[in-house]
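Dear colleague,

Please find the structure below, together with its sequence.

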Amino acid sequence: MATEAAPMDEKAKRMRDLLSSFYTPDPSISTPTSSISTSFDNINGPSFDADQYMDLMIKKSNLDVLLQRHVQMAAEIKNLDTDLQMLVYENYNKFISATDTIKRMKSNIFGMEGNMDQLLHKIMSVQSRSDGVNTSLFEKREHIEKLHRTRNLLRKVQQFIYDLPARLQKCIKSEAYGDAVRFYTGAMPILKVYGDTSFKDCRRASEEAIETIIKNLQTKLFSDSESIQARAEAAVLLKQLDVPVDSLKDKLLEKLEQSLDGLQINPDEASKLAEHNVSSKDEESNNQGPAKIHEDAVRGFSEAMRAYREIFPDSEERLFKLARALTTTHFENMELYIRKRVSAADFLGIFRIIWEDVVLMDEVLPEAALSDLSAEAAQVTLKQFVARTFSHLQQDISDTLLKFDINQKEVVDGEVLKVVLEASGKAEFRQLLDENTGIFVKMNDLLIGWIQKGFQDFFRSLESHFLVLSGKTSSSNETEGLVEGKSSEKIHAGLILVLAQLSVVIEQKVIPRIAEEITASFSGGNSQAFIPGELCRVFHAASEKLLQHYIDTRTQKISNVLRKRFKTPNWVKHKEPREVHMYVDMLLQQLEEVGKEVKQILPQGTFRKHKRSDSNGSNTTTSSRSTTLHSDKMARSNSQRARSQLFETHLAKLFKQKVEIFTKVEFTQESVVTTTVKLCLKSLQEYVRLQTFNRSGFQQIQLDIQFLKAPLKETVEDEAAIDFLLDEVIVAASERCLDVTPLEPPILDKLIQAKLAKSKEHNNNNNKTTVSS
Amino acid sequence: GPKNLKSGPLRSSARNQRSQRAANRRETFLPESVNVGSEATMQGGSSGIGYGLKYQARCISDVKADTDHTSFLTGTLSLKEENEVHLLRLSSGGSELVCEGLFSHPNEIWDLASCPFDQRIFSTVFSTGESFGAAIWQIPEPYGQSNSSTLDCVASLDAHVGKINCVLWCPSGKSDKLISMDEQNLVLWSLDSSKKSAEVVSKESAGMRHSLSGGAWNPHDVNSVAATSESSIQFWDLRTMKNVNSIERAHVRNVDYNTKREHILVTADDESGIHIWDLRKAKAPVQELPGHTHWTWAVRCNPEYEELILSVGTDSAVNLWFASASSEKQASERSAEASRQRVNPLLNSYTDYEDSVYGLAWSSREPWFFASLSYDGRVVIESVKPFLPRR
């Protein structure tokens, strides 16, 4: 049995292996413990080969062994079989119980789903409830926490406020106003709200401290001795303390504004200022001149502005306004100033002052664009000044001209005017140009343009002014056209002559001179507004027009005398001539006036004989012929001879060349007088032609004309023409006479002598009366 | 060479007179078809056609009713000689001036106007030396005979006492109305040429203060007549015979209406030449022209070319003006510019005269011709064709 025990062990081991292989699907994994049986002869090995085993057995062993073996094997197989059966049975039992268990489980699981849902639902509601509770509690918790913190803070604040008065006092002592203000403003809200409670005393104390601080700060702000920085800080602090700084600022600025009045340039005193400005330049010692004072004032003003600007940065706009206002008033005053007559020097003096002021202010307030503003204003002012200067010039001229009526001699030399024209013309404006104050440099071109334009317009308006003065306005101007006719009587004829001569002077001297002046000083720039050629033409035309107008006016007057003379009597029933008619006196008086005026105003011409129409015959022969005729005539004595003498006059006229009566008028005394006399005699002739005379009427004409002969020849250079025209009158009268019987020369002579004596006596009487009176 | 002889004012011997006449005849007076054109060309420079009257003369009139020829009537002014009326006709070529008729007139003629509807009828104002008279004459038929024939007196306008200035024919053409004017009175006549009678329709005094000197009948309004007086231009309404309007203007010597443009009136005065008026705004003249060196005696607007104005003066010249500004619109537009440019309105000055020029007439048939008459009796016809505005 021992032997059996060992194989029995082996047998058990094998069995286990087998069983485990049963449960183990993969034989390769089977434990290698059975390695001994791995050989082919291991019956439990996988590589067991029954045939080989048999072969081996047979070969190696005898029958016994074999039988033994056989029995052994058969027993083993039987054991195995039983084991297997056992195993199956056990497994089956287990399987059955497993199946039961599963069956039970299945029935248990069924119906669990609903419970699970219910469960989930409940869990959810539980969760939400817990959240709600959580949040509702959170706020409170937070609040509690905040309150807690506040309480801590309050505790600190309380401490702070209680300390505040002391602290402030400390600050006042150390002049640390900044800190004090910071503390106070910090405490301010609390004090404000809880001032009435337990902080009352505290508040009062700190307020008192702050009062002191404010006072200190204000004094600091207003004191000019403090640095600007300090003042600015004080202002800032005051502002922080809610002290109404704006009212302070307003006060300060108002003060500044009020000081503006003092800075203004009074137009009435401006000239003094300008004068002193000029003189103070010469002598530096004279510091107390008004200009200096003004300058200092403006300097102070601009300094103040600088300070306020720093102190109240928000006041810039107002300062700008102030500065601008000052600049504007400066220019306005300037404008007022130049409304009166101002010399260019004074003008420039004031201008310089203003410009300096502007520069001072501009330094402080460059943003105010003062220089632009003043440049604009300066342009306007300057333009006005130029315009005014021209209008003053014109005023001068017309004033001088109007004085003419009152005092003839004064204006006799129109040279005065010429001087006025020239002197004020160039010097004034050149001074303007020479000025190199800032803006002027910029405006040079403009200025040149204005001056040129000014001259051009000036002369143009002068010309029309002349024409208006002379009463010869252009008909295009309707309103004046009406006046023309009426006022022409009032206009002194001499004035017209002065105007005519003046036009000549302007044309020949003034305009070229000014043109020269302009090219010398006022050229440059691109404006060519001054056109001397055009002006010369204008004045040339004007001078001729005016001269013609003068002659027209004069002859018109004489013509009126003549018209009356010829219209009044009935010439057909005229009575025998007893004396030379008095109209002759009037005629001569008028001509004398012309002569006087002309002598005073016009230049003397080179004396020359009357010029007749060029191509016809020679001059001298005709005039000699006519003179011989006249001397002949004088020699005859009886009426028969007188008649034939008249006939000879006719004859002479036939052979004589036509005398040019209407020659061009020249600007000489002689030419004007001659023209006037010629026109008058022509009028006389025409009036005679319109009448019909009886013998006496004719004789009266003859007498009058004979009387006129001598004085007329005295006044007129062109004797031949006068002779001719006087003869023409006689001829015309004889043509219009029903019975031509000339007066006999002795009678003629007697009557003329009587007239001469009478007029001499009259003159003497006149002289006596003037002397006695 | 010797110029035109004056008619002898002296009572010199017959021989003397004869020789004078001979001289005249040689140069100026030819009884049959006178043509002095050659003389005019001899003088050079002038394109005018001349004709010489025997004596001095002041008036010339266009024969408007003669539609076949350009004719003029002119009459002499001589106190002592026998005065003549000449009917002159411009040949068709415009190169010759022919005397179509020569008629003696009893007195010296101060005014002459041709009837606008009958070429044979004309009016004269004449003076005996002591008194004035006015009459309507008819040229006898057939006229054109060489010898001077007598005129038929149609009517004598003898309603005046003082100095008669002028006789105006109604410009409408067919009307038989006439106006005669002396220094104080305006008389409207109705003429019946077939019955040889003229009747006063109405007569009105202008007042002693207004010494009338002449006038013009408004061609645009037959009821309106402009009369010049010493101090103003008066406008008379012939229906009421009242002075309805006036322009204060002293010493206006002559007046003429612009036939082409209504309301435009041209005047000549001593003082300042020629004025052009627009009667709708008569406060001031529309335009002023310088006129003449001495008196401007007469002005005439061209019947066809509205801008052309002629004036004659005692400076022995005839001036032709271009007055564009007589249009009020242009005046306002141009006045500024014009005054600046100083355009010379004087187109031409005809100066080829020996003495003062008093007579002036445009031809209404050929409106580029005008006749002028200087005191020495010289008629000159000129053409303004070179100066006509381009159209």
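Chain A contains 26 helices and zero strands; here helices (H or I, at least four residues) and strands (E, at least two) are DSSP runs, numbered from the N terminus. The model is a predicted one, in which local features need pLDDT of at least 70 and side-chain atom pairs count only at pLDDT 80 or more, while totals for chains, interfaces and linings use all residues. Residues are numbered from 1 along each chain as its sequence is written, chains are lettered from A and ligands numbered from 1 in the order in which they are written, and side-chain values use heavy atoms, with hydrogens and water left out.

Chain A as a whole

Of the 773 residues in chain A, 41% are buried, a term that means under 20% relative accessible area (1.4 Å probe, protein chains only). The accessible surface of chain A is about 43,100 Å², and carbon and sulfur atoms hold 56% of that surface; such areas come from the Shrake-Rupley method with a 1.4 Å probe.

A pair of helices in chain A

Two packed helices are described by the angle between their axes and the distance between the axes. Helix H23 (residues 669-689) and helix H25 (residues 719-735) of chain A pack at about 10°, and their axes lie 8 Å apart. Axes are lines fitted to C-alpha atoms, for helices over the stretch in contact, and angles run from 0 to 180 degrees between N-to-C directions. H23(A) and H25(A) are therefore roughly parallel, the word used for angles under 35 degrees.

Two sheets in chain B

One open sheet in chain B has four strands in the order E23-E24-E25-E26, with antiparallel pairing; two strands pair if DSSP finds at least two bridges between them. Its edge strands are E23 (296-301) and E26 (346-350) of chain B, and the twist averages 20° from one strand to the next. E23(B) and strand E24 (residues 308-313) of chain B are joined by five bridges, and Val312(B) in E24(B) is the bridge partner of Ala298(B).

Another open sheet of four strands in chain B has the order E15-E16-E17-E18, again with antiparallel pairing. Strands E15 (214-217) and E18 (242-248) of chain B each have a single partner strand, so one side of each is left without a neighbour in the sheet. E15(B) and strand E16 (residues 224-228) of chain B run antiparallel and share four bridges.

Yours sincerely

Technical notes. Angles under 35 degrees count as roughly parallel, over 145 as roughly antiparallel, 65 to 115 as roughly perpendicular and the rest as oblique. Buried means under 20% relative accessible area, exposed over 50%, partly exposed in between (1.4 Å probe, protein chains only).
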